Each structure stands twice: as C-alpha cells, then as structure tokens.
Amino acid sequence: MTKAITVAGLHKSFGRTHALDGLDLTVEAGEVHGFLGPNGSGKSTTIRVLLGLLRADSGAAQLLGRDPWRDAVELHRKVAYVPGDVTLWRNLSGGEVIDLYGSLRGGLDRTRRADLVDRFELDPTKKGRTYSKGNRQKVALVAAFASDVDLLILDEPTSGLDPLMEEVFQDCVAEERARGRTVLLSSHILSEVETLCDRVSIIRQGRTVETGSLADMRHLTRTNISAELAGPPNGLARLPGVHDLEVQGLRVTLQVDTDKLDAVLKSLTASGVRTLTSTPPTLEELFLRHYATDAADAPGSGEDAEVAAR
Amino acid sequence: MTAVTTTAPADARRRTRAATGQLAGTWTLLRLALRRDRVMLPIWVLALGGSFSSVGSSIASLYDTAAQRAELAASMNGNSSLRAMYGPVFDDSVGGLVSWRMAAFGAVLAAVMSLIVVIRHTREEEETGRQEMLSAAMVGRRAPLTAALLTALIANGALALVVAAGLAGAGAGGAGAVALALAVAGTGVLFACTAAIAAQFTESARLAKGLTAAVIGAAFVLKAAGDSAADDGSSVLTWLSPIGWAENVRAYADERWWVLLVLAAAVAVQAVLAYALAGRRDVGMSFLATRPGPAQGRIATAFGLALRLQRGALTGWTLSFAVVGVAFGGLTGGAADLVGDNAKTREIFERMGGQAGLTDAFLAAMVSVLGMVAALYIVASVLRLHGEETAGRAEPVLAGAVSRTGWAAGHLVIAFGGAALLMTAGGLGLAVGYGHELPAVLGASLVQLPAIWLLGGVTVLLYGAFPKAAVAAWGVAGICLALGWLGPAVDMPQAVMGVSPFTHLPKLPGGTGMEWGPVLTLTAVAAVLVGAGVGALRRRDVLS
C-alpha cells in the first residue's frame, strides 16, 4: 500500500505555544483514518499544515507523495476539506458555494451532487447567514463528497448534524472508502470513529500517543452504565472490568470494559432493573483515565497504556 | 409586603417592570462595548478633537492680524465654489475661522465615528451570532441598541470636551468653543441614531454602514449646494442637511443656540423610530428579508468569488462618485464669481489666478477630495482579504486548487481597478456637471490614481506582512485625508505634507501641467508595495 499522508516529527509553535511537538502520522492510501485528541491537542493545526495553510517549523510532511506547502495548489485539486466550523458568505446561496468549491477542486460530479443534496435534505437556495450550524456543515460536506478528489480531510465534520444526518454522513464515508478514496477523519465522537475507521491515531499535546487499528485499541473503550435497580446491587465490585463503581442506595453508576459488559448486565438484571442508560465514554474521559495520571511516564505505545490501565 | 388594594399601582408597576425589562443588562453591555473599544475610541476622540485646537493655533499664528483674517474671510465668502467646499465664514475671529474650517469636517468625522460604533455593537453583533448568546442571558430586547447609542453618546461627549478644552487652550474659548463642540458632537449623535435605524433594515453590517455613510455623504452634498447658493447658510438646501445645521449654529458668530434644539429634536425622532423598530423585530433578522438564491452556482474561480463579494460595494461607491461629481461639477461655475465690487477681493481674485485659475483650482481641489475618498475605498476593498481570512472563509478556499497569489489577486484587481473605475466615474461626473473640458477634468481625476494605489499598496503590505496590524491602514488613509483637508489651511510644513502621496501629484487641471515623474514614481512604489505584500502573504501562515 502507498501512503496518502506521512508526517514525521512535525513541530509548530505560535509564539510561546507549542501546538505541535514532534507529531507523527501515517495514513495509508484507501483507508479511513481516525484522528483523535482532546481540544487543543493539535489536530486542526496538523490539518492546516497538511493543507499548506500553515508552514511547519520543522519535521517532514507529505501529502499524496508531495510537499503540502510547496505544491499546495496542485495537491488541492485532489483534496477536499471540511472544517469543523463552516462559515459561509452571507449573500451566497448554499448551491453556489457547493459549485464554487467543486470548481476550486478537481471538479464536481453533477449526479452525485444532486443525490447528496437530496440525501442530506439540504435546501441549496438558502443564503449563507440563514443556514443553521448543521446545515452549514452539510453545504461543506456535499461539496466535499461530490468533488472528484483522492483524499478527504474532514475536521470534526459532523458537529451540529442531527443523528439522521450523522447516519447519512457515515454512509457517505463508507462509499468513499468503497470507491478507493482516502479519508482523514478528525473527530470527538468515538462511536463514529469506531464505525468508520480502519486505523486510528490519537494525539495529545501535539504528540502522537497511540496509533493502530481499533482492535488494537479495544482496551480504550469502556461503557458508562447508570441504572436504577429494584433491589440492592450485588457483587458488582467483584466483576472483572468494572471501574469507578458508585452505589447510592438503589442507584448505580459504573464504567465497564466493553468486552466485559455481559456479566455486568446479568448482575444488574439479577437485582431487577428499573431504568438503564449506557453511554460510550467520551474521549476526554479516556484521556483522563489513560494519560492524565501517568503523564510523567509518557506512555509512548499501546502496550504501556494497556498495562497502566489494567 | 402589604396587600395591594387597588389594581392601578400594580399595573403601573408592571408597566415599569416591562419597560425596565426591555433594558435589562444595558449597563453590562455598555461596559462590554467600552472595553472592546478602549483603543479605537480614544484614538478617534483625541485625533479628531485635537485637530480642532491645532487648526486653531495654526490659524492664530498664520493670520495673526485682524486685517489678514478679514481678507481670508472675504475671499472665501466671495467665492461660491469655495463656500461649497468649506462653508461660509460667519466671523473673522480665530474661533470663527476654526468653526468655518472645522464645523462640517468635524461633523462628518464625528458622524463616521458614531456610525462605526453603533453598527459594530448592534448589527455586527447580530450578524456574527454573538448577540444571540448575549440575548439569551438577562438582556432586554432594547438593551443592545441602548448600550450602542450610549457608547456613541459617551464618545461624542468626550469629543465635545476635547474640542471645547482644546479650543480654550488655543485661545479661542468661550461660548463659541462650547457651541462648536456641541454642534460637532450633536451631529455625531444624530448620525449614531441614523445608523441605529439602518441597522434594523439589513442583515449585513457592511450594508448598514454603507447606507449610513451614503446618508452622511448626501447631507454633505446638500450642505455644499446650499452654501454655494447663499453666503450666509440660509439656503433651504443647507437647512435640509444636518451637517448644515452644525454650520448654522454659527459658533463664534453670535451663536444660535436654538439650532442645537433642532439637532436634539432630530436625534429624538430618529431614536424613537430606531427603538420602535428594534423592539418589533427578531434577533438577527431584519425588516428586509433575505431572498433565496440560485440552487446552482456559476462562480467558478477565486476572481469570480471576489467580484461577487465586492460588486455591491463597488457599484454603490461608483454611483456615489458619479453623483457627487455631477453635483460638485455643477458648483464649479461659481468658482470665479465675485460677490460685490470690493477692490480688496478683486486683488485677491487676481492673485489666485483670475477666472481660469480659480476654476481650475476648484476642480483640482475637487479631484483631490475624490482621490482621498477613493483611498478609503481601496483600503476597505483590500481589507476584504483580511476580513475573509479572519472570518475563516479564506481557509476552505485556499484548501482548494487556488494559490495565495491567485486568491489575493482576485480582490486586488477589484480594489485597484475599482479605484480607477471610481475616479473615472467621479471625473466624468465633474466634467458633465461643469459642462466643459471633459478630457482635462477626466485626466486630472485619473492622475490621482497613483496616490490612491500607493495607499492600497501600503494596505496590501500591512495585510501581507503584519496581518494583525492590517487595520492600521485606516489610520494611514485617515492621516492622508486630514493632511489633504487641513494641511493647506494650517500651512503644514512641506516635510509633514510630504507624508501624503497626494501632495506629490501635479495640480491638475491647469496649474503647472502634467508631470510624469511623480506619477510614474508613485505607481512604481505602489507596485513594489503590492509585490512585497503578496510575497509576505505567500510565506506566512493563514490566520485561523
């Protein structure tokens, strides 16, 4: 497999802030690559370097085998970008903006554009300021998915999308992969990343702390459970994979490694369940648990983190 | 609490509560506005206010005898075209001459300051979506407008203080100083209310600013036409213009305090209208609803996008230049008029070059004014690049197959070509209004371009190399404007005048004739500045 993106030892400072501190990133051609990290960890800075909008202080970056700064214009014919916060021109309609971005890239597939406008339920005649946040994202998403490009760089693209549209988005990304395109997906929504991504890189404070396939990182996924029981809980603390257990009378909150979920549910139903909510953990929670306490050890690989987590 | 025995006081209380509820949060918003404007407003107030006292001291030292001042007054009042530009002289004391030179000029600038302040804290807040979050807190429906108007009121109040104190310091204090300060600040407040109304009608802060600026421009043209017709400010046209009112306060010439009441009444009427409108509309919306646009776009290039974004403003500017050109062209015939049969004024008249000389001098002054205003256009137009970048709209465009140079070139062609279009429209308007000498007047108008382009070049360089300081370009243009308007009156040393590129241009039409040297030099410098600015833009990070 050829590499769509290779980044090695990337550094970028803004004044006294070190946004990127030796970041590494490798994205294979044809894969959907998740790019995760807490707010301010340097995801958007990395993406801006890859788009030739920022010049790296040091380190190597290659996009489709070329220099993202020097060959920016040529490269951008093959790249579509969706920012996390799309701003539109107030007096231009969504349709005009979609076609403009299409023209500024390698061109637009008209049938696909019509199909996407339909699927995302976007009214392309409305003007910039009158779109809601989610609809502004849709404008950029339609423009990106309808463009004839090799690489899609999506920076938290689904912020503001409703769950139905989130589903449409996931279908679109799957179609892009089926068509052999490469996707770099920066996201905070772990479930989205789980569904879509072949491999994932996690960064923190401008450095890559984990990279690999999701199966390698299964240890990262814990489920939050909050339940109101009919009778007192029994033996939850003894079950393997249970963390942060809190019991207040009949109310129970806990976290459980996702592969150990079954035993916990059995134990809960044994006590009788009145209400039950289960949520996947947020990235921040994961980071807090895995890295905040042992930041001094600076875990550089998945194995270290896994050991620390157990 | 005792029980309420009748319903009337309860109703009254409820009404009071509803009224104060509309204004809830005004104090906090006012402090926010003053905090945000803590650099901009003091600069405006001190620079504009300070110019009054410096003009005062200059006039006092330049025309230090009563006879000299009387001669100046007579020559100015005797000539309808000069009256159109500067207004009539009501009194030949130092204060009277300051009032003559500064009343309209100061009123226009106070109006511009006020419009910027009011739109910035009303429509711009709504357009950016910030107002939504503020209004979701304990903020009354009319509080943002109140806070914005109070900010403008405070700014104009401070301006009045600086003007009055400065004039007193320059030896022209007393009732006249107070009257002039109040007339100028009052006009500022009046146009603050105009801006408040404009802000209700459009969803675009840019358009709201443009509309208010057009009203200010129209008021100035009305006043000019009125002053051309009458030498004592009594023309109906002058009275139709709020800027004419500032003049008709007649500071230092037996002040007509009641004219300030006219100003106050206009402020009140406009404020009531703005409040009525503001209370009746939705946050972020306007009375002119946005129409749907095409589902398919035809804009395919960065240049097409730039043209689409700037065409509205460019059209407005071009039309204004044509209209102002025709209006002032029509006033040109009076340049050589002489009122009365005074030997003294005849002598001045001959010294100033006779009929042809005076007409040419007036036309030259007019094209120079048009040129300096066109400099404001080019600064605004170049800074669209900055606006697009800081709003985050440049980033996705530059993530397309568009080079930095190509993206910038789109806007720069419109900025620099637009300036040429403006000067063509203004020059043609002048020539049409005047009715003679079309090639000479048009040529004179176009000769201003190198200086305009140079200021555009400075803006490009500031934007490219120091994007965070890009708005300083307004300051550069403002200094050139002030030098052009006030410099000759206060006999500014040539070294200082030389800062403005306009002073290096040949005085056309007439004068010494065309000189290619400075024209080509300025054009070359402008080209170098643009090149350096675009070069810096290519090398730096895109702001996010």
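Contact, as the term is used here, means heavy atoms within 4.5 Å. Helices (H or I, at least four residues) and strands (E, at least two) are DSSP runs, numbered from the N terminus. The model is predicted, so local features need pLDDT of at least 70 and side-chain atom pairs count only at pLDDT 80 or more, while totals for chains, interfaces and linings use all residues. Residues are numbered from 1 along each chain as its sequence is written, chains are lettered from A and ligands numbered from 1 in the order in which they are written, and side-chain values use heavy atoms, with hydrogens and water left out.

Chain B is taken up first. Its domain assignment gives domain 1 (24–280) and domain 2 (300–544), the bounds coming from an automatic or database domain assignment. The C-alpha centres of domain 1 and domain 2 of chain B lie 24 Å apart.

Helix 6 (residues 94–121) of chain B packs with helix 9 (residues 143–169) of chain B at an angle of about 155°, their axes being 9 Å apart; axes are lines fitted to C-alpha atoms, for helices over the stretch in contact, and angles run from 0 to 180 degrees between N-to-C directions. Helix 6 of chain B is therefore roughly antiparallel to helix 9 of chain B (angles under 35 degrees count as roughly parallel, over 145 as roughly antiparallel, 65 to 115 as roughly perpendicular and the rest as oblique). The crossing of these two helices is right-handed; a crossing is left-handed if the near helix is turned anticlockwise from the far one by less than a right angle, and right-handed if clockwise. Residues of helix 6 of chain B that meet helix 9 of chain B include B:Val98, B:Met113 and B:His121, and among their counterparts in helix 9 are B:Pro144, B:Asn156 and B:Leu167. By class, this contact of helix 6 with helix 9 of chain B has 12 nonpolar, 4 polar and no charged residues (Ala, Val, Leu, Ile, Met, Phe, Trp, Tyr, Cys and Pro count as nonpolar, Asp, Glu, Lys and Arg as charged, and the others, Gly among them, as polar).

Helix 9 of chain B also packs with helix 2 (residues 26–36) of chain B, at an angle of about 50° and with axes 8 Å apart. Helix 2 and helix 9 of chain B are therefore oblique to each other, and their crossing is right-handed. Among the residues making the contact are B:Leu29 and B:Ala33 of helix 2 and B:Leu150 and B:Ile154 of helix 9 of chain B. They divide into 9 nonpolar, 3 polar and no charged.

An open sheet of 6 strands has the order 5-6-7-3-8-9 in chain A, with mixed pairing; two strands pair if DSSP finds at least two bridges between them. Strand 5 (79–82) and strand 9 (207–213) of chain A stand at the edges with a single partner strand each, so one side of each lacks a neighbour in the sheet. The twist averages 15° from one strand to the next. Strand 5 of chain A pairs with strand 6 (residues 151–155) of chain A in the parallel sense over 4 bridges, and A:Val82 stands opposite A:Leu154 in strand 6.

Elsewhere in chain A, strand 11 (residues 242–248) and strand 12 (residues 251–257) pair in the antiparallel sense over 5 bridges. These strands of chain A form a hairpin with 2 residues between them, and A:Gly249 in the turn has a positive phi of about 60°.
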